[in-house]
Amino acid sequence: MIPQLLAAVALQVSAAPAPPAVTPPAAALTHKAETVRRYDGAASQGVAVGPNDVYSVSNFRLIRFDKKTGEKRAEWVGEKARFPHINSCAVIAREVVCASSNFPATPHVSTVEVFHPMTLAHKRSISLGLGTGSVTWIDRRDGFWWGMFANYDGKGGETPRDHRHTTLVKFDDQWRRLEAWGLPATVLGRIAPMSISGGGWGADGNLYLSGHDLPELYVTQLPKVGGVLDHLDTLGMEAEGQAIDWDESQPEMLFGITRRTREILAMRVRLPR
């Protein structure tokens with residue numbers, strides 16, 4: 001009789017519906033970035049910005065717009081099977097450098113795709129291989145390459161890793177892994193069950209990160225000790241996560257997108273003095 005009762009209880013437990021997803025409460029925001037301009041960018045993943053141009057990023061499609069007028073100047077459309085998920089780009093050393101992966105497919109495969117800044121012609125591809133996650137952004141600082149590898153709980157996740165395995169990696173010029181850091185619990189709790197979608201070094205030397213859905217910007221820095229980033233502050237912004245890029249010609253201008261209208265947003269962020 002007891003085995004039958006235990007089996008019935010196990011069946012009831014296994015049949016019980018999963019608890020509903022809990023929306024995290026609003027973060028205590030120090031201040032909010034001010035949206036100062038909008039571009040009709042048709043962007044679904046993110047944006048890159050150079051001295052004279054802004055670039056819309058949408059998986060296998062890139063569009064270059066004139067920064068002043070908003071006019072379309074060039075477009076690249078890649079083969080979807082080879083470029084299923086270009087997540088973000090940045091203008092680095094007169095090239096458009098993009099973080100690309102096979103998301104939501106698994107196992108995770110990540111590459112860096114490089115384009116001409118004017119014509120958007122594809123120039124070369126760098127394979128980062130498997131085993132860390134899906135690369136979501138690439139940046140350059142202090143003579144090194146930096147990239148963040150996303151991991152997820154559900155769609156696009158690769159067991160046994162989940163969002164807690166999201167990793168910042170430092171590379172040398174030959175894309176050899178030098179060091180890596182995890183995210184603090186205060187950031188992980190905000191991005192779950194997704195991951196970090198955007199990031200980049202600010203002019204103040206801090207690393208700014210954006211998630212997948214929430215209109216928040218996480219201010220972090222490398223720790224003096226240990227392997228977890230320090231979380232300094234959380235700022236509000238109009239962009240609902242996704243990929244971001246700093247305008248190096250205007251240090252307090254951060255570009256992002258809003259998926260509601262697929263616009264590119266130019267946002268002013270008050271940096272610490």
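Guide: A salt bridge is a side-chain nitrogen of Lys or Arg within 4 Å of a carboxyl oxygen of Asp or Glu. Side chains of opposite charge can pair when their charged atoms come close. The model in view is predicted, and a search of the whole structure finds 22 salt bridges. Some of these join into a network, which links Arg38, Glu238, Glu240, Arg260 and Glu263.

Other pairs can be taken in turn. Asp53 forms a salt bridge with Arg64, with the closest N and O atoms 2.7 Å apart. Asp53 lies in strand 3 (residues 53–58) and Arg64 in strand 4 (residues 61–66), so this pair ties together parts 11 residues apart in sequence. Asp53 has a relative accessible area of 9% and is buried; Arg64, at 9% relative accessibility, also counts as buried.

Next come Lys123 and Glu95, whose salt bridge has its closest N and O atoms 2.7 Å apart. This pair links distant parts of the chain, since Lys123 is in strand 9 (residues 122–129) and Glu95 in strand 7 (residues 95–101), 28 residues apart. Lys123 is partly exposed, with a relative accessible area of 43%, whereas Glu95 is buried at 12%.

Last, the side chains of Glu216 and Arg190 meet in a salt bridge of 2.5 Å, N to O. Glu216 belongs to strand 16 (residues 216–221) and Arg190 to helix 2 (residues 185–191), so the pair ties together parts that are 26 residues apart in sequence. Both Glu216 and Arg190 are buried.

How values were computed. Residues numbered from 1 in each chain as written. Predicted model: local features only at pLDDT ≥ 70, side-chain atom pairs only at ≥ 80, totals over all residues. Heavy atoms only, no water. Helix = DSSP H or I, 4+ residues; strand = E, 2+ residues; numbered from the N terminus. Buried < 20%, exposed > 50% of the residue type's maximum accessible area, 1.4 Å probe, protein only.
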